[in-house]
Amino acid sequence: MNDDDFNDDAASNYMNHLRDMEKEMMKIDLSRGGAMPLDLNEYMEIFGEPSDLDLYDITQAYIKLYMKQGEDDYIPFVVDAYGKGWVEYLLKYNERVEEYELCAIIKDHLDIYEEELKLS
């Protein structure tokens with residue numbers, strides 16, 4: 001291994017560390033009630049495939065945002081805050097890990113969102 005290989009590895013490790021920190025900061029913002037700033041494709045381009053831990057954290061932030069609203073009238077806005085693609089992805093994740101109560105909530109949100117689109 002020469003010095004150039006070492007420098008390339010160090011730079012790569014540093015960039016990976018920065019990317020991981022940015023992802024964690026985004027999840028912190030979500031947990032504070034923020035909207036998902038990236039659609040699913042953008043997220044995967046920047047951070048790669050979300051890990052189960054990422055999906056757990058994002059699901060919890062989504063549910064927290066929903067609970068904070070307090071009224072079902074806000075469900076379409078909550079789905080819009082994350083984007084339908086994300087909400088569907090969270091549903092698939094929660095099905096896979098057998099979190100059926102969360103699945104029921106998320107599925108209900110998607111149904112309400114679709115119904116709202118039909119009425120618009």
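## Exercises on helix packing

Tyr56 is partly exposed, as its relative accessible area is 43%. This is a predicted model.

**Exercise 1. Where is Tyr56 found, and which separation do the C-alpha atoms of Tyr56 and Leu90 have?**

Step 1. Tyr56 sits in helix H3, residues 52-69.

Step 2. Check its accessibility class. Tyr56 has 43%, so it is partly exposed.

Step 3. Take the C-alpha pair. Tyr56 and Leu90 are 34 residues apart along the chain. Their C-alpha atoms are separated by 8.5 Å.

**Exercise 2. Describe how H3 and H5 cross, and list the residues in contact.**

Step 1. Two packed helices are described by the angle between their axes and the distance between the axes.

Step 2. Read them off. The H3 and H5 axes cross at roughly 115 degrees and come within 10 Å.

Step 3. List the residues. H3 contributes Asp52, Leu55, Tyr56, Ile58, Thr59 and Tyr62. H5 contributes Trp86, Val87, Tyr89, Leu90, Tyr93, Asn94 and Arg96.

Step 4. Sort them. The contact of H3 with H5 has 9 nonpolar, 2 polar and 2 charged residues.

**Exercise 3. Are H5 and H6 roughly parallel or roughly antiparallel?**

Step 1. Get the geometry. H5 covers residues 84-96 and H6 covers residues 100-119. They pack at an angle of about 155 degrees, and their axes are 9 Å apart.

Step 2. Apply the cut-off. Angles over 145 degrees count as roughly antiparallel. H5 and H6 are therefore roughly antiparallel to each other.

Step 3. The crossing of H5 and H6 is left-handed.

Step 4. List the residues. On H5 they are Lys84, Val87, Glu88, Leu90, Leu91, Asn94 and Glu95. On H6 they are Tyr100, Leu102, Cys103, Ile106, Lys107, Leu110, Tyr113 and Glu114.

Step 5. Sort them. The contact of H5 with H6 divides into 9 nonpolar, 1 polar and 5 charged residues.

**Exercise 4. Is Lys27 buried or exposed? Which side chain makes a polar contact with the side chain of Lys27?**

Step 1. Lys27 belongs to helix H1, residues 3-31.

Step 2. Classify it. Buried means under 20% relative accessible area. Lys27 is at 6%, so it counts as buried.

Step 3. List its neighbours. Leaving out residues up to four places away in sequence, Lys27 touches Leu53, Asp54, Asp57 and Ile58.

Step 4. Find the partner. The Lys27 side chain makes a polar contact with the side chain of Asp54, at 2.8 Å.

Technical notes. Residues numbered from 1 in each chain as written. Predicted model: local features only at pLDDT ≥ 70, side-chain atom pairs only at ≥ 80, totals over all residues. Heavy atoms only, no water. Helix = DSSP H or I, 4+ residues; strand = E, 2+ residues; numbered from the N terminus. Buried < 20%, exposed > 50% of the residue type's maximum accessible area, 1.4 Å probe, protein only. Polar contact = N/O pair within 3.5 Å; in protein donor to acceptor, adjacent residues only side chain to side chain. Contact = heavy atoms within 4.5 Å. Axes fitted to C-alpha atoms, helices over the stretch in contact; angles between N-to-C directions. Parallel < 35°, antiparallel > 145°, perpendicular 65-115°, else oblique. Left-handed = near helix turned anticlockwise from the far one by under 90°. Nonpolar A, V, L, I, M, F, W, Y, C, P; charged D, E, K, R; others polar.
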